[in-house]
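User: Please go through the packing, aromatic pairs and backbone geometry of the model below. Keep to what can be computed from the coordinates.

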Amino acid sequence: MITFYYHPSPNPAKVALLLEETGLAYKMAPVDTRKGEQHSPEFLAINPNGKTPAIVDGDTTVFDSNAILLYLAEKSGQFLADNTPQRRGEMLSWLMFIATGIGPYTGQYVHFNHFAPEPKAYAVNRYEFEAWRHWNIIEQQLAKQPYMLGEHYSLVDMAVWGGARVLPFALGENAFAKLPNVKRLLDTINARPAAQRAEALKTQHQFKTEMDDDARKAMFPQNERLKG
């Protein structure tokens, strides 16, 4: 039985989707990040980076969402690219592009646009530009073919789905008008029963939703250095 450390945010969502798609047995362990549970000694022993998601599978611990996707896909033998150097190279390249580009730049744009104090014009400009640049690369890839790796649904599409779900909040209400192929992929995956089960996980625990002072302290601990 896999233990899945979960919070209802984009990175855990894509792991939830793959777990549901593969049918691997798991139990959810909620981690309420707005209550600071990601900083507890118990969770830091699982993920020293103090972020969700993470999994424990017997004696194996895996953290970082795209690493978990690859681990679970290989464990189940499902949703991988064809086992040739060319196709595996393509799969790994897109997985790392999402991990090192899509996630960080979109996340930093959300942070500076929605949560950071002034002055922030330089940071908002930089991260908006980079977030859109990265999502437009995804859009161009999906304009050529139904899925990220071609004709078949894979773990790379699940990695895209995690962030695509929140694009109207991240990039603005008109995001999908500029990213129609990303929206097409999102709608295709959303129609899958596994995606609906993955989305329903957030209803199984009452997570804190308020972004009050305690939540900001838990989510943005670096701000403590600005005091005094």
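**Helix packing, rings and backbone**

User: At what angle do helix α6 and helix α9 pack?

Analyst: Helix α6 (residues 155-164) and helix α9 (residues 180-190) pack with their axes 10 Å apart. Helices (H or I, at least four residues) and strands (E, at least two) are DSSP runs, numbered from the N terminus. Axes are lines fitted to C-alpha atoms, for helices over the stretch in contact, and angles run from 0 to 180 degrees between N-to-C directions. For this pair the angle is about 100 degrees.

User: How is α6 oriented relative to α9?

Analyst: Angles under 35 degrees count as roughly parallel, over 145 as roughly antiparallel, 65 to 115 as roughly perpendicular and the rest as oblique. Therefore α6 and α9 are roughly perpendicular.

User: Which residues make the contact, and into which classes do they divide?

Analyst: Contact means heavy atoms within 4.5 Å; Asp 157, Val 160, Trp 161 and Ala 164 contribute from α6, and Val 182, Leu 185, Leu 186, Ile 189 and Asn 190 from α9. Ala, Val, Leu, Ile, Met, Phe, Trp, Tyr, Cys and Pro count as nonpolar, Asp, Glu, Lys and Arg as charged, and the others, Gly among them, as polar. The division for the contact of α6 with α9 is seven nonpolar, one polar and one charged.

User: What numbering and thresholds apply?

Analyst: Residues are numbered from 1 along each chain as its sequence is written. This is a predicted model, in which local features need pLDDT of at least 70, side-chain atom pairs count only at pLDDT 80 or more, totals for chains, interfaces and linings use all residues, and side-chain values use heavy atoms, without hydrogens and water.

User: Within what arc do the buried residues of α9 fall?

Analyst: Buried means under 20% relative accessible area, exposed over 50%, partly exposed in between (1.4 Å probe, protein chains only). The buried residues of α9 are Asn 181, Val 182, Leu 185, Leu 186 and Ile 189. They line one face of the helix, because the arc, taken from the directions from the helix axis to the C-beta atoms, spans 145 degrees.

User: How far apart are the ring centres of Tyr 5 and Phe 43?

Analyst: Rings of Phe, Tyr and Trp (its six-membered ring) pair if their centres lie within 6.5 Å; planes under 30 degrees apart count as stacked, over 60 as edge-to-face and the rest as tilted. The whole structure has 10 aromatic pairs. Tyr 5 and Phe 43 form a tilted pair with 55 degrees between the planes, and the centre-to-centre distance is 5.8 Å.

User: How many residues apart are Tyr 5 and Phe 43?

Analyst: Tyr 5 is buried at a relative accessible area of 17%, and Phe 43 is buried at 4%. Tyr 5 is in strand β1 (residues 2-6) and Phe 43 in helix α2 (residues 41-44), so the pair links distant parts of the chain, 38 residues apart.

User: What is the omega of the cis peptide bond between Thr 52 and Pro 53?

Analyst: Pro 53 is found in the loop between α2 and β3 (54-57). The cis bond that joins Thr 52 and Pro 53 has an omega of about 5 degrees.

User: What is the phi of Asp 64?

Analyst: Asp 64 is in the loop between β4 (60-63) and α3 (65-76) and counts as partly exposed at 44% relative accessibility. Although Asp 64 is not a glycine, its phi is positive, about 80 degrees.
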